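Trainee: Could you give me a close look at the side-chain contacts in this model, and then carry on to the surroundings of the ligand? I'd like one connected account that I can follow on screen.

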Amino acid sequence: MSYVLVVNSGSSSFKYQLINMATEARVASGLVERIGEPMGLAVHSNVDGTSDIERPIADHTEGFAAMMEAFAKSGHDLGETPPSAVGHRVVHGGKRFFAPTIVDDDVAWNINDLSELAPLHNPANYQGIVAARIAFPDVPHVVVFDTAFHQTMPAEAYTYAIDRELAERYRVRKYGFHGTSHKFVSEAAAAFVERPLSELKQIVLHLGNGASMCAIDGGVSQDTSMGMTPLQGLVMGTRSGDVDPSALFHLSRKAGFEADDLDELLNRRSGLLGLAGTGDMRDVSRLAEEGDAHAQLALDVYHRRIRHYLGAYLVHLGGADVLAFTAGIGENSPETRAEVLRGLEWLGIRIDPERNALPNRGPRRISSDDSAIDVLVIPTDEELEIARQTIETIEGAE
Ligand code: ADP
């Protein structure tokens, strides 16, 4: 029986899930956090309950030791029965990685080398890979890239109109992210409507803290709203999305912002947080309901940006068969879905308000039966997709 350990590593924490591939059920999951801080914490849960370990965790290698201890405390000795494989989420695969890849030293080095394209994410992903390979030296490790699904975009979608040679030398182009989620959701949507993926034009709206949309034709990504980094496109929890780059020159000249200040401003202090004072959609919605004008404007900007990309993608694709909402906001906020699709009956998009309001879990249709375009809510499951791709990659290599 095969079990895949899925690891999503950040700079001071990592999340993991152990998935039984026969049933695709979670066997265990957990979080190791505060790595490098005076007191670290590993919180582990499985069907029998939870177990915590609190002690200093100097680095990711010690983090994996803490994770294995937490597993052992709950009765599962990973040293004796290790997972069949480890699947790692990696944010940036650059141009080099267009498919999940079995890790060797060269692959690991290349992921680290891509850090200049994703300075917040790739170094942390790399640390997780190094530590996991020490913890599980005898099992295959596979890296699954957020960018890989979008490597099919045509050149006119991924090319920025700047100096060609400079762009080539510094690898400046659109890569796109959330690929694992867009792939998973578009496949699940095809299964839900019981039509072949290859026949469907889909627009997936991944609306979480990070947010992106993807135009997918026949299962192939044609365009996506994030860019060279996850900053471009939609308004997000703390990221601005699209801004005229000249605004940054202006802030640099007039307000003395350096590159790092601008990076921090646009990635961490903008988006819903910048406009409404909180980056959490539930709080923004509550404030707007209470009459807060800033929160209301934040919502209006948020919705308008999504509609902007929706219009663009409907044109790029020449229409759509399916719109699929996913992630924290997409799955849980009927108000967001209703606002984004308001007044689009002329396009063949008809939302059934009752279906939209049902607090269901699981894949569901929220459009009415006479809607030309099927509007769905499809819960994303990036960990499961990583586990599936891990197994497929290993089997493909055999
Ligand atoms: P991440 O990108 O960190 O994985 P999530 O996909 O968990 O983020 O999405 C987090 C967002 O989902 C937050 O803005 C949160 O407020 C929002 N969210 C979660 N539940 C609801 C809800 N019931 N209504 C509106 N927004 C929600």
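**From salt bridges to the ligand shell**

Mentor: Happy to! Let's begin with Glu 168, which counts as exposed because its relative accessibility is 57%, and the cut-off for exposed is over 50%. Please keep in mind throughout that this is a predicted model. The side chain of Glu 168 meets that of Lys 95 in a salt bridge, with N and O 3.5 Å apart. This pair joins distant parts of the chain: Lys 95 sits in the loop between β6 (85–90) and β7 (101–102), while Glu 168 belongs to helix α5 (residues 164–169), 73 residues away.

Now turn to Glu 385, whose salt bridge with Lys 183 has its closest N and O atoms 3.3 Å apart. Glu 385 counts as buried because its relative accessibility is 2%, and buried means under 20%. Lys 183, with a relative accessible area of 21%, is partly exposed.

A further pair to pick out is Asp 374 with Arg 365, where the closest N and O atoms are 3.0 Å apart in a salt bridge. Arg 365 is partly exposed, at a relative accessible area of 29%.

Next, have a look at His 44, in strand β4 (residues 40–46). His 44 is buried, since its relative accessible area is 0%. Its side chain makes a polar contact of 2.6 Å with the side chain of Tyr 16, and another of 3.3 Å with the side chain of Ser 74. Leaving out residues up to four places away in sequence, His 44 touches a set of residues that includes Ala 28, Ser 29, Gly 30, Ala 70 and Phe 71. Also in that set are Gly 49, Thr 50, Ser 51 and Asp 52.

Finally, let's go to the ligand. Among the residues around the ligand are Gly 208, Asn 209 and Gly 210, together with Asp 280, Met 281 and Arg 282. The shell also includes Ala 327, Gly 328, Ile 329, Asn 332 and Ser 333. By class, the shell has 3 nonpolar, 6 polar and 2 charged residues.

Met 281 has a backbone N or O atom 3.0 Å from an oxygen atom of the ligand, and a polar backbone atom of Arg 282 lies 3.2 Å from a ligand oxygen. For Asn 332, a backbone N or O atom is 3.5 Å from a nitrogen atom of the ligand. On its own, the ligand has 580 Å² of accessible area, of which the protein covers 66%. The elements giving two or more residues to the shell are α10 (281–289) and α12 (327–332). Of these, α12 gives the most, with 4 residues.

Methods
Residues numbered from 1 in each chain as written. Predicted model: local features only at pLDDT ≥ 70, side-chain atom pairs only at ≥ 80, totals over all residues. Heavy atoms only, no water. Near = heavy atom within 4 Å. Polar contact = N/O pair within 3.5 Å; in protein donor to acceptor, adjacent residues only side chain to side chain. Areas by Shrake-Rupley, 256 points an atom, 1.4 Å probe, with all protein chains shown as cover. Nonpolar A, V, L, I, M, F, W, Y, C, P; charged D, E, K, R; others polar. Salt bridge = Lys/Arg side-chain N within 4 Å of Asp/Glu carboxyl O. Buried < 20%, exposed > 50% of the residue type's maximum accessible area, 1.4 Å probe, protein only. Contact = heavy atoms within 4.5 Å.
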